[in-house]
Structure formats: structure tokens, C-alpha cells
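Please examine the protein shown below.

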Amino acid sequence: MPSSKNGGNNTQWTAWLTPVIVLACIAVFIVVMFINDCPKTVAGANGDCVPRFLRSSDSMLLLIGRSDDSNPHCGFRLEKMGALDRSKVVNGNEKWRLVTSMWLHAGVVHLIVNMFNVVLIGFRLEKQFGFIRMGLIYLIAGLGGSILSALFLQNSISVGASGALLGLLGAMLSELLTNWTIYANKLAALFTILFIVAIDLAIGLLPWVDNFAHIGGFLTGFLLGFVILVRPQYGWEESGNSPSQYGAPRARSKYNPCQYLLFFIAAVLVVGGLAVGIVMLLKGENGNKLCKWCHQLDCIETSRWTC
């Protein structure tokens, strides 16, 4: 993670929203298991839900997080709990699924991996920028991921906080770029973030993983970072108190021209993109008809699996 130079804004906030998000996702996952009657459908007569669940060969897909409704075991009937289902969003007037789906997870591994990354990234952003900005990025990026997913995934449901998580990563990347002058180890941080993003998007090419949510969340968060994570350029605070050669305080712009330009462009793109996406979705547009090759961004067929 990047560290700021001496003299930069090192204000630290108390991170409480990130653990609340993690606890909420865990609680929802437990509720989903028991609403789907996990002890009965998975453990059988023994009532030993968790051990049997972890040993069951039928439940391995639940462990890795297959988000469809093809299996009657617990965790697979996510549609009833608010999973993202295009047909219900477009035709069933259930727009709330664009938000509720980011709080559901398709399996234990899916939940653990996402929550680990939310803690890792969310704590850092919340401590530096506060819960309001971090929370806005999380929710709006998750919404952006859901919109793109619903435009392209026609016949399957989608769940998970991955879109919101990629949004935090995208915001971290744009924050590094727009506040470039205040960081010391900027190149190392840049390559680290790009590497993590590349891994997440590569995983999204596997079957049953919604890469459109990843892409939509990342792009939304990346743009939001230019808008709400802008910080004064390095040396601005000191420049107001240091005298010039004529004895008067030196006036230095709080933000540089590049920051202003990126702010304006990103604000237009994120507002316009979300608006266009929502309108297209409500009109029932099929993203695959507008982009014939975009399905390859979600899954690549190999000899081991089909999409």
C-alpha cells in the first residue's frame, strides 16, 4: 500500500464500517443457509450441517461459489433471497435486486475470499478517507457491477460483493494516480494494485464467476476515486505559512490542473454511465446484441469446461 510523504495529509479515521459490512455479509450467509433448511437438506438425519456440508461432494460447487439455482442444497436457492436475476429486475419490477445481490454469497470460499479482501482494502480506505466516502464507493461500485451484469447475463443469477470489492480496488488505483505527488513508494503500490486487479479479472474468466460484475464495479470505483478521493497536492498546507521573497505568504493551488480535469471527466462518465446503464436495463436491452464479443470477457471456453 502506498505511504504518503512527510507533510502529506495523514489524518486517520476510525474504521468501523468495514467490519460492519463483513459481519452483515456473514450474517446474511448464515440466514440463507438455514432458510434453505441446510441442516435437513445437506446434513440429512444426522443434523450435522457443517461437517457434512464440508465433506459432501455435492456441496463442492457451493464451496467454490457457483451462483445458480440448479441444486436444491442450501445456498443454491439464492434467487428467493434477492440474487440478481435479470428477468425479475426487468419484467418483475424488482429493482432492489441490484443492491441486495451484493450482500449474498454462493459459498463458503466465495464468502471468505471476498470478506478477506474487503477487510484488507476497506480498512485502508476507510482509515484514510472516512466511512462516508468508503461506503459510497462500496455501494455505488456494487450497483455499477450489478447493472453491467444484468445487461449481459441473460439466463443466470449472480450474487456476491465482488463488484463492490473491485470498486474499492479501482478507487484505490485512481486515488493513487490523482494524488501521485504525495506518495513516496508510488510505483510499487501501482504495480501491486494492478497485479491484484489482473488476478481478480482472470478468475472472472472461469465458469460460474460473474466477470461483468467485476468489470462494472472496477470501472465505477475507478471513476469515483477521481471524484471523491482527491487530496491537496504535496506541500499545499506548508505553502500558506512559508513567506515568499517579498515577505507575503506564497499562494499555491490546493489542487493541480490535472486533478481538476480528471475530476470533471470522471464525474461526467460515472453519472452518465450509470444513467445510461439503468435506462438500457429498464428498457430490456440485451448487452450481448450491442457487443457481439463481450461474452468472452465473462468466460473463456477450454477443454476442461464450457461456458
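The model is predicted, so local features need pLDDT of at least 70 and side-chain atom pairs count only at pLDDT 80 or more, while totals for chains, interfaces and linings use all residues. Residues are numbered from 1 along each chain as its sequence is written, and side-chain values use heavy atoms, without hydrogens and water.

Two packed helices are described by the angle between their axes and the distance between the axes. Helix α7 (residues 108–129) packs against helix α9 (residues 162–178) at an angle of about 35°, and their axes lie 10 Å apart. Axes are lines fitted to C-alpha atoms, for helices over the stretch in contact, and angles run from 0 to 180 degrees between N-to-C directions. Helices are DSSP runs (H or I, at least four residues), numbered from the N terminus.

Which residues meet in this pair? Among them, Val 118, Ile 121 and Leu 125 belong to α7, and Leu 165, Leu 168 and Met 172 belong to α9; contact means heavy atoms within 4.5 Å.

Most residues other than glycine have a negative phi. Asn 93, in the loop between α5 (86–90) and α6 (97–100), has a positive phi near 55°. Because its relative accessibility is 60%, Asn 93 counts as exposed (exposed means over 50%, buried under 20%, and partly exposed in between, with a 1.4 Å probe and protein chains only). Trp 208 also has a positive phi, near 70°, and is found in the loop between α10 (186–203) and α11 (211–228). Trp 208 counts as partly exposed because its relative accessibility is 45%.

Key. Helix = DSSP H or I, 4+ residues; strand = E, 2+ residues; numbered from the N terminus.
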